[in-house]
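This report describes selected local features of one protein model. Please look over the sequence and structure before reading on.

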Amino acid sequence: IDYLLKPIRKTELMSAFDKYQSLKDRFSGAEFSIDKLLEQLRPDTKTFRSRFLVKQGQKLVSIDVIEIAYFYSDERVVFFKTWNNQRYIVDYNLEEIEAMLDPMEFNRVNRGFILHIKSISEIHSHFNGKLKLILKPHSEKEVIVSRENAMNFKIWIGK
């Protein structure tokens, strides 16, 4: 709507609000509404995926996200493990899955893993500022958080 530079002056802020009100009045009767656009842009209104449909033998099974401990990639195939250590193949890549999940509960810790916060059993300091994670259920693959991502990971885990 407007571009404000710090320090923000009251007159400039009031001008921005006036511009918003003018645009709101102009488009309020139209199919497109600024309020609708703002509502879509708010992060708290985003809905996240609640289940995944996966193949189990010859049948399809719906698994709730709350049953999933972590997602991981192995040889270009993406899997997830449930809390009871069952493994399923998912038809999405990790980038797509990351966008579907609540970032308060799931975090992409490296190129190969997206973890639920409760799946982290232990965090160990690793060489060169990296972190090594021990997961539950146990992961056959080593889970390392890079030095560059370690600070963001610590912030996420501490929320």
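Which residues are exposed on the other side of H4? They are Met151 and Gly158, where exposed means over 50% relative accessible area, buried under 20% and partly exposed in between, with a 1.4 Å probe and protein chains only.

## Basis of the report

The model is predicted: local features need pLDDT of at least 70, side-chain atom pairs count only at pLDDT 80 or more, and totals for chains, interfaces and linings use all residues. Residues are numbered from 1 along each chain as its sequence is written, and side-chain values use heavy atoms, leaving out hydrogens and water.

## Helix H4

Helix H4 covers residues 147–158, twelve residues in total. Helices (H or I, at least four residues) and strands (E, at least two) are DSSP runs, numbered from the N terminus. From first C-alpha to last, H4 reaches 17 Å, close to the 16 Å expected at 1.5 Å a residue; the expected span is 1.5 Å times one less than the number of residues.

The buried residues of H4 include Asn149, Ala150, Phe153 and Trp156. Seen down the helix axis, the buried residues of H4 fall within an arc of 130°, so they line one face of the helix. The arc is taken from the directions between the helix axis and the C-beta atoms. An α-helix has 3.6 residues a turn, so residues three or four places apart point the same way. The cover over the buried residues of H4 includes strands S6 (106–110), S7 (113–116), S8 (120–125), S9 (131–135) and S10 (143–145), with contact meaning heavy atoms within 4.5 Å.

## Two cis peptide bonds

The peptide bond from Lys6 to Pro7 is cis, with omega near -5°. Pro7 lies in the segment before H1.

Lys136 and Pro137 are also joined by a cis peptide bond, with omega about -5°. Pro137 is placed in the loop between S9 and S10.

## The loop between S3 and S4

Glu75 sits in the loop between strand S3 (68–74) and strand S4 (77–82). Although Glu75 is not a glycine, its phi is positive, at about 55°. Glu75 is exposed, with a relative accessible area of 72%.

Arg76 is found in the loop between S3 and S4. Phi of Arg76 is near 65°, a positive value in a residue other than glycine. Arg76 counts as exposed, at 84% relative accessibility.

## Leu13

Leu13 belongs to helix H1 (residues 10–27). Leu13 is partly exposed, with a relative accessible area of 32%.
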